[in-house]
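Open your viewer and switch to a cartoon view.

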Amino acid sequence: MTRPTPGELLTLSGRYWETCALHAAAALDLFAALGPVPRPAADLARELSLDPRALGMLLDALAAMGLAAKGDGGYRADDEARALLAGDSPRSVRPMIMHHHHIMEAWQLLPEAVRTGRATSRHGFEDPVRREAFLMGMFVNAMAIAPGLARELPLSGRARLLDLGGGPGTYAIHFCLENPGLSATVFDQPATRPFALATAGRFGVGDRVSFAPGDFLSDPLPGGFDAAWLSQILHGDGPADCRSIVAKAAGALNPGGVLFIHEFILDDAGDTPLFATLFALNMLVQTRNGQSYTEGELRAMMEGAGLADIRRLPFRGPNDSGILAGVKP
Ligand SMILES: C[S@@+](CC[C@H](N)C(=O)[O-])C[C@H]1O[C@@H](n2cnc3c(N)ncnc32)[C@H](O)[C@@H]1O
């Protein structure tokens, strides 16, 4: 335990003001209108149909946060801030910021969720705007991992990969790019199809990454795979459903096939790493039974599915994500 000071506690408590300023900049796509040449707030406000006084306040805060600069009669952003924050940039992290923005409502209901044990937020991903931010937010997150991981994940000699709950297919795509003999099936809910196919096409592997629509809780999975990749899906469901998902994925493998689980894995005591503990709350406020799992719990699911040679890979991702691997005998 630390001995917090009042100042530290209040700084932590109010940190969301900066978060909200960043979210507002993303929601208004301000960085698409900012560049190296200073622009007066009044010009920007006219172009974006915003209130000039309020926009000036937001831009001043963004400047104070170091994300924009003020001077020479206006506001500007450097190339890197624009590349990361403008909606039209290929490297933009804006979809994930928008996803964070959308789920703030659910987080505000955390006391209620702890009182009742249930998520009480009314919003899911049925709304197309929220769905796109969620799925392309997953793309943003996965792009920080997949290109490098593809070079180290032991997939050479494997011909068919199942990317279960693969979302926009970021991992399947990069595993195929790195392993020329590999083709992949992204299995996900039907509404995910256009995002997965468009992303595979954008990376030039549309002929090797296919999409299978379905619900991994209630539908049968296709079979005959040499590898199964379950990235960030188990935390969305409760333990009994997770046991069934892992058993189904193992059932989709050929003998000798390998199953990987990528999650924010809790240490067995359950109170580290920090991000995995907070992610459990993220699932508490958004899902019926979701949670973070400990390494021991995930290993038990793999053992229950009949997998052998279960091991934790040395990989440690951003936010301390980890990977377990097991082989179907
Ligand atoms: C957190 S995202 C992870 C996406 C991707 N695996 C990654 O790591 O970037 C969870 C994915 O699982 C999918 N999913 C959730 N429940 C599902 C279900 N019951 N059947 C099929 N897909 C599901 C969602 O649509 C979403 O694409």
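Is Glu 132 partly exposed or buried? Select Glu 132 and show its surface. Its relative accessibility is 44%, so Glu 132 counts as partly exposed. Keep in mind throughout that this is a predicted model.

**Stop 1: Glu 132 and its surroundings**

Glu 132 is found in helix H8. Leave out residues up to four places away in sequence, and Glu 132 touches Gly 137 and Phe 195. Glu 132 and Asp 241 are 109 residues apart in sequence. In space, their C-alpha atoms are 25 Å apart.

**Stop 2**

Select Phe 139 and Phe 203, and show their side chains. How many aromatic pairs does a search of the whole structure find? The search finds eight. Phe 139 and Phe 203 form an aromatic pair, with 6.2 Å from centre to centre. The planes are at 55° to each other, and the pair is tilted.

Phe 139 is buried, at 9% relative accessible area. Phe 203 is partly exposed, at 24%.

**Stop 3: a ring cluster**

Next, select Tyr 171, Phe 175, Trp 229 and Phe 260. Ring pairs link these four residues, Tyr 171, Phe 175, Trp 229 and Phe 260, into a cluster.

**Stop 4**

Select residues 160-164, which make up strand E3. Why is E3 largely enclosed by the rest of the structure? Four of its five residues are buried, so the rest of the structure largely encloses E3.

Look for Leu 164, which stands opposite Phe 187 in E4. Now show helix H10, residues 170-178. Together, E3, H10 and E4 make a right-handed β-α-β unit.

The bridge partner of Leu 161 in E6 is Ala 227. The charged end of Arg 160 sits over the ring of Phe 225, 4.3 Å from the ring centre.

**Stop 5: His 99**

Move to helix H6, residues 94-108, and select His 99 there. His 99 is buried, with a relative accessible area of 5%. What does His 99 touch, not counting residues up to four places away in sequence? The contacts are Phe 125, Ala 133, Phe 134, Met 138 and Gln 286.

**Stop 6: helix H2**

Select helix H2, residues 16-27. At 1.5 Å a residue, its twelve residues should span 16 Å. The C-alpha atoms at its ends are 16 Å apart, which agrees. Colour the buried residues of H2: Ala 21, His 23, Ala 25 and Ala 26. What covers these buried residues includes helix H4 (52-64) and H6. After H2 comes Asp 29, whose phi is positive, near 50°.

**Stop 7**

Most residues other than glycine have a negative phi, and most peptide bonds are trans. Our last selections depart from that pattern.

Select Gln 232, in the loop between E6 and helix H12 (239-251). Its phi is near 55°, a positive value in a residue other than glycine. Gln 232 counts as buried, at 19% relative accessibility; the cut-off for buried is under 20%.

Go on to Asp 309, in strand E8 (residues 308-312). Asp 309 is not a glycine either, yet has a positive phi of about 55°. Asp 309 is exposed, with a relative accessible area of 53%.

Finish at Pro 273, in the loop between strand E7 (253-263) and helix H13 (274-286). A cis peptide bond joins Thr 272 and Pro 273, with omega about -10°.

How values were computed
Residues numbered from 1 in each chain as written. Predicted model: local features only at pLDDT ≥ 70, side-chain atom pairs only at ≥ 80, totals over all residues. Heavy atoms only, no water. Buried < 20%, exposed > 50% of the residue type's maximum accessible area, 1.4 Å probe, protein only. Helix = DSSP H or I, 4+ residues; strand = E, 2+ residues; numbered from the N terminus. Pairing = 2+ DSSP bridges. Right-handed = clockwise from strand over helix to strand, strands pointing away. Phe/Tyr/Trp six-rings, centres within 6.5 Å; stacked < 30°, edge-to-face > 60°. Lys NZ or Arg CZ within 6 Å of the ring centre and 35° of its normal. Contact = heavy atoms within 4.5 Å. Expected span 1.5 Å × (residues − 1).
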